[in-house]
Amino acid sequence: MSDPDAPYLSNSDIAELTDWRRHLHRFPELSGQERQTAQMVQAALAQCAPDKTVTGLGGHGVAAIYDGAAPGPTVMLRCELDALPIQELGTPPYRSEIPGKGHLCGHDGHMAIMAGVARWLGRNRPQRGRVILLFQPAEEDGSGARQVIADPQFAALAPDIALSLHNFPGLPLGHASIAAGPMNCASRGMKIMLTGRTAHASEPENGVSPALALAALIPELTGLKRGVETADPDFALATVTHAQLGEPAVGIAPGYAELWVTLRTQLDAAMAQMVAKAEALVTTTAAAHGLTAQISYQDIFQHCVNDAAATRLLTDALDAEGIQWSKGDLPMRASEDFGCFGAQAKSAMVLLGAGKNRPGLHNPDYDFPDALIPIGGRVFIRALRSALY
């Protein structure tokens with residue numbers, strides 16, 4: 001019998017979800033490659049009686065749909081499938097078995113939370129409206145949300161409200177951070193290729209070296225930094241992440257260089273201005289040194305802004321569950337492609353504390369704390385109960 005006021009999950013549910021999370025942890029897959037992970041998700045969802053399951057969404061995405069008995073809003077909860085191209089250095093018995101890859105951002109834990117919500121929904125159908133549980137591909141490189149939205153299958157989902165969470169080391173375990181307004185910064189990876197002419201190292205005058213241009217661009221681009229606090233709407237940060245000059249050989253005067261820089265701003269409008277400034281610097285510097293320049297971009301993330309009404313739905317859920325929360329140091333410098341759903345629905349994300357003394361996200365020895373599985377589930381379930389029951 002459906003009873004939305006019943007406890008979230010049983011102890012056996014939580015134990016099984018913990019084991020499942022650790023199994024996912026052992027077999028991480030990178031952005032766009034989450035085929036096996038998606039299959040494991042589909043197998044878990046099949047036991048939770050969704051009314052419909054959509055697969056191959058935006059790549060390997062999976063969506064479980066639970067229909068209510070009466071008309072009402074569509075609420076989408078989103079988690080991520082992908083892992084990172086980082087060798088895991090931690091030593092849990094369930095550590096990654098795939099060399100050079102690891103669930104070091106906690107997406108395995110997010111999936112376990114969502115699988116727990118699916119169990120609850122299978123026992124407590126929505127009274128009205130509709131719930132969509134989205135297991136999204138390719139969050140880490142910023143492409144997944146856009147690919148899901150562009151997929152023709154997404155048009156039939158059309159959420160009115162979109163909610164998500166992310167575990168966050170540095171906050172006390174189980175505490176939360178959330179606020180309406182900017183939540184995550186916009187960012188993009190800028191790849192600069194400078195081409196001159198290679199020469200013998202004994203006759204550098206016969207070539208055109210990009211060495212001086214490369215040396216000049218590093219301080220010029222990092223000099224685009226503005227402000228310190230991300231709460232400043234003019235905040236801007238340029239971080240050099242990679243530089244290469246020619247080949248590792250002492251007999252060649254280089255004719256080619258690469259410079260990779262991550263650009264970061266609070267909002268998309270400021271990002272457009274920063275990109276224009278950065279490109280002008282590259283063009284001017286390259287011309288001054290007789291070089292040609294090519295610029296490309298990767299890992300493009302829009303800003304993530306929390307809608308006031310969707311944020312209130314989450315803060316009310318936190319209050320109802322007795323979970324402490326504050327604004328904290330928002331918006332985050334780190335980026336998140338969940339912001340793309342803000343153009344489709346009233347959206348909001350909450351950060352859930354993973355513990356003060358835990359290694360940071362993307363650290364080689366990070367491991368999602370299993371204690372967050374029932375806590376995250378309670379937050380989502382309470383939000384659903386407020387909106388659809």
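Reader: Over the ring of which residue does the charged end of Arg188 sit, and how far is it from the ring's centre?

Author: The charged end of Arg188 is placed over the ring of Tyr297, 4.9 Å from its centre; the criterion is that NZ of Lys or CZ of Arg is within 6 Å of the ring centre and within 35 degrees of the ring normal. This is a predicted model, in which local features need pLDDT of at least 70 and side-chain atom pairs count only at pLDDT 80 or more, while totals for chains, interfaces and linings use all residues. Residues are numbered from 1 along each chain as its sequence is written, and side-chain values use heavy atoms, with hydrogens and water left out.

Rings also meet one another. Rings of Phe, Tyr and Trp (its six-membered ring) pair if their centres lie within 6.5 Å, and planes under 30 degrees apart count as stacked, over 60 as edge-to-face and the rest as tilted; by this rule there are 3 aromatic pairs. One of them joins Trp120 to Tyr389 edge-to-face, with 5.4 Å from centre to centre and 65 degrees between the planes. Because Trp120 belongs to helix H3 (residues 107-123) and Tyr389 to the segment after helix H8 (372-388), this pair ties together parts that are 269 residues apart in sequence; helices here are DSSP runs (H or I, at least four residues), as strands are (E, at least two), numbered from the N terminus. Trp120 is buried at 2% relative accessibility, where buried means under 20% relative accessible area, exposed over 50% and partly exposed in between (1.4 Å probe, protein chains only).

The pair of Phe338 and Phe341 is tilted, because the ring centres are 5.8 Å apart and the planes stand at 50 degrees. Phe338 is buried, with a relative accessible area of 0%, and Phe341 is likewise buried at 0%. Together with Phe154, Phe338 and Phe341 make up one aromatic cluster.

Helix H8 also packs against a helix. The axes of H7 (residues 308-320) and H8 come within 8 Å and cross at roughly 115 degrees, the axes being lines fitted to C-alpha atoms over the stretch in contact, with angles from 0 to 180 degrees between N-to-C directions. Leu313, Leu314, Ala317, Leu318 and Ala320 of H7 meet Val379, Arg382, Ala383, Ser386 and Ala387 of H8, contact meaning heavy atoms within 4.5 Å.
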